[in-house]
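Hi,

Here's the structure I said I'd pass on to you.

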Amino acid sequence: PIKGHLDFIKAMAFVSRIEPHLKIWIVGDAPASKEAYKEEIRVLVKRLGLWHCTEFLGRQKDIPDILAHLDLLVLATTTQEAFGRVIIEAQACGVPIVATAVGGVVDIIEHGKTGLIVPAGDPQTMAEAINNIFKNKELAQELAENGYKKVKEKYNLELMVKNTLDVYQDALRNFKMLVIKISSLGDIILSTAALRALKEKYGSNHKISFLVGEESKEILMHCPYIDELLVCDFKNKDRGWKGFLRLARTLRKKNFDVVVDLQNNRKSHILAGLSLALNRYGYNNKKFGFLLNQRIKNELQTIDPATHQFKILKMLGIDLVNPHLELWPTLQDYRYVDEFLNSQWLSSNQRIIGINIRASKRWLSKIWPMKHMISLAQELNRRDIRVVITGRDSDLTLGSALSNNIHNLKLINASGKLTINQLACLIKRCSVYITGDSAPLHVAAAMDTPFIALFGPTDPRRHLPPAKNYILLKKELSCSPCYKSKCQSDKCMSSITPQEVLEAIDKLLK
């Protein structure tokens, strides 16, 4: 019924009054489920007195032969037609066209030039267009010639192949990849090596998007390896199930082809699954890992963090060749740090040793004792080396307490005064940087600053970032690594003496 046979028969009834030698062919047949509709057409043909000039040809295989006998082809479709190939076939045979203004038909026919377009469901107007072609032989010839010319230009085999290939090339150029690494700060810095490898593998033909948490977005603001930075905030706009599902819906609308889940927790696996990407890569763990269709077993083995990430990329054919981490602070960040150090009366030829005062509020067991920091700072001061203290906003009080405990010492307290990129610039200025297992450790590795890593409750084989110039200090105790955020004895960190750290500083300075 959507092909509009009934409208076509009614239009032919009008045409038959003017054109006595009219001959009507209805090509094609009805399926068994549409026999009633076929009978309805036959009844209408008889009722309108067209039975003597109408033939139901049924199914036909030799369509070119049918078209070669026509003076006109009518497309009477009543609903949206995706393309209308029969129009192209008729024009290729030099047959003029009358068609209804539906769907893709209006893109094929230029009204009055390559055919005539009439409203759908309007037999009267259709009949007028048909009569116009029968009466005006010049118009019929012009429509047929223009249609044939357009078919040769736009619908030839070579052009069809070219256009088809262009579609595939466009699909490749618009290949979309989502990398998920929501937190934490140090782990996101670790992912920069993976991002670089992905960009090198897929080049400019692929669009790489990165989903990161609000508190860590600054790290990747100027990353050259991503095309789009997506930010989620589970404390505010993406809070709760409604916010989470809204975020998932946003990701799904972007039509990603691939998701690389470097986070590998419940939230990231659910987001990967709800994105409906064709391929979703990550670790198969007990945190809804089944939502990934390209997954690798998370074996209980001690490997460094870069290798751990690249095991996922191995499924994409990417090997760990260059594990070096990167950060991209701006010129303004460097200027800010220069002005800050100048305000602290730092001479141009004076060396700086950086000490990160704390890991995080949660990991109290990672803190190197304050008495050790005071002892080290006093010794460095005797050598005319300035000490700069770094930390979060919450560490500002702790930094002040450290300064107050050191008399006649020009300690630089930068706690809570720098963004992550400004911190990177400050660490770059340090001759040596001392820190426990925390994000600034990864910053130092990314900025190629020599560092001393103080490890206690965690295993450096799993958490030490890739770097060339560093010294690891860790005491081999029966209780370490314990992965406890709090410890009463704090022996693993307090056993690392200021003298050991000082000796490590001397080695790195040399």
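Leu157, Met160, Val161, Leu165 and Tyr168 make a nonpolar surface patch of about 550 Å². A patch here takes residues with over 30% relative accessible area and no salt bridge, joining nonpolar side chains (Val, Leu, Ile, Met, Phe, Trp, Tyr) within 5 Å and like charges within 9 Å. A salt bridge is a Lys or Arg side-chain nitrogen within 4 Å of a carboxyl oxygen of Asp or Glu, and areas come from the Shrake-Rupley method with a 1.4 Å probe. Leu157 is in helix H8 (residues 157-173) and counts as exposed because its relative accessibility is 62% (exposed is over 50%, buried under 20%, partly exposed in between).

By the way, this is a predicted model: local features need pLDDT of at least 70, side-chain atom pairs need 80 or more, and totals for chains, interfaces and linings use all residues. Numbering starts from 1 along each chain as its sequence is written, and side-chain values use heavy atoms, leaving out hydrogens and water.

Next, the sheet. It's open, with 6 strands in the order S8-S7-S6-S9-S10-S11 and parallel pairing (strands are DSSP runs of E, at least two residues; helices are H or I, at least four) (pairing takes at least two DSSP bridges). S8 (228-232) and S11 (294-297) are the edge strands, each pairing on one side only.

Finally, Asn264 sits in the loop between S9 and helix H11 (266-274) and is buried, at 9% relative accessible area. Its side chain reaches the backbone oxygen of Asp261 at 2.9 Å.

Cheers

Note on methods
Buried < 20%, exposed > 50% of the residue type's maximum accessible area, 1.4 Å probe, protein only. Polar contact = N/O pair within 3.5 Å; in protein donor to acceptor, adjacent residues only side chain to side chain.
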